[in-house]
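Subject: Structure handover

Dear colleague,

Here is the structure for your files. My notes on what was found follow below it.

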Amino acid sequence: MEFDSEVAARKFYVDYARRVGFVVRIMQRRRSGIDGRTLARRLGCNKQGFSPNTKGAFGPEKKPRPSAREGCKATILVKLEKSGKWVVTRFIKDHNHPLIATANGFGTVGDKDKKISELTMELERQDQLCVAYREKLLSFINNVEEETRELSTKVQLVVENVRRAESELKKCSQKVKPWCLT
């Protein structure tokens with residue numbers, strides 16, 4: 001097969017993968033040492049190869065997850081010919097795992113139901129958190145209102161005491177009695 005561009009070849013293989021029931025992984029490319037343009041591209045099944053070791057030299061160990069890779073060999077290799085066309089030079093069709101053919105090429109109905117269930121549970125958990133935060137916020141607001149009332153009462157008492165003291169000071173200053181000022 002021939003294609004006018006690398007993008008056209010990739011689109012063809014992705015569309016093919018959707019119809020057949022697998023997902024494409026962009027795997028390798030070979031570039032020109034002269035101008036850096038792409039000369040060849042290898043695409044394959046996303047279950048190609050095996051997962052690398054999850055333990056790194058830096059940071060904490062990652063939680064082990066089941067690997068999606070199963071050593072599948074299904075690939076396509078397209079190369080840029082001198083004519084400017086992209087030509088398929090290798091095509092391995094066979095997969096070593098079951099394919100999942102669906103209407104849109106992604107997942108199964110069971111996968112969608114599982115994802116919906118997971119998202120529903122997460123939404124319920126978030127709703128519970130919102131209720132708890134709302135209760136805490138309302139409690140805080142009530143405490144602030146109660147403290148405000150108590151503070152307001154104390155301020156009123158201080159204001160009344162200051163007025164009384166000013167009134168007595170005024171009376172004393174009008175009578176000018178020395179014993180009043182002490």
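Two strands are taken to pair if DSSP finds at least two bridges between them; helices (H or I, at least four residues) and strands (E, at least two) are DSSP runs, numbered from the N terminus. This is a predicted model, in which local features need pLDDT of at least 70, side-chain atom pairs count only at pLDDT 80 or more, and totals for chains, interfaces and linings use all residues. Residues are numbered from 1 along each chain as its sequence is written, and side-chain values use heavy atoms, with hydrogens and water left out.

Strands

The protein chain has two helices and five strands, in the order β-α-β-β-β-β-α from the N terminus. Strand S3 (residues 38-45) and strand S4 (residues 75-80) run antiparallel and are joined by five bridges. In this pair, leucine 43 is opposite isoleucine 76 of S4. S4 also pairs with strand S5 (residues 86-92), in the antiparallel sense, over six bridges, and there leucine 80 faces tryptophan 86 of S5. The hairpin of S4 and S5 has five residues between the strands, and glycine 84 in it takes a positive phi near 95°.

Aromatic pairs

Rings of Phe, Tyr and Trp (its six-membered ring) pair if their centres lie within 6.5 Å; planes under 30 degrees apart count as stacked, over 60 as edge-to-face and the rest as tilted. The count by this rule is five aromatic pairs. Tyrosine 13 and phenylalanine 22 form an edge-to-face pair, 5.8 Å centre to centre with 65° between the planes. Ring pairs link Tyr13, Tyr16, Phe22 and Phe91 into a cluster.

Burial and surface

Buried means under 20% relative accessible area, exposed over 50%, and partly exposed in between (1.4 Å probe, protein chains only). Tyrosine 13 counts as buried because its relative accessibility is 1%; phenylalanine 22, at 5%, is buried too. Buried residues make up 18% of the 182 residues in the protein chain. The accessible surface of the chain (Shrake-Rupley method, 1.4 Å probe; for residues, only the protein chains shown count as cover) comes to about 14700 Å², with 57% belonging to carbon and sulfur atoms.

Leucine 138 lies in helix H2 (residues 109-175) and, at 41% relative accessibility, counts as partly exposed.

Contacts

With contact meaning heavy atoms within 4.5 Å, residues 24 or more positions apart account for 45% of the contacts in the protein chain with a separation of 6 or more.

Regards
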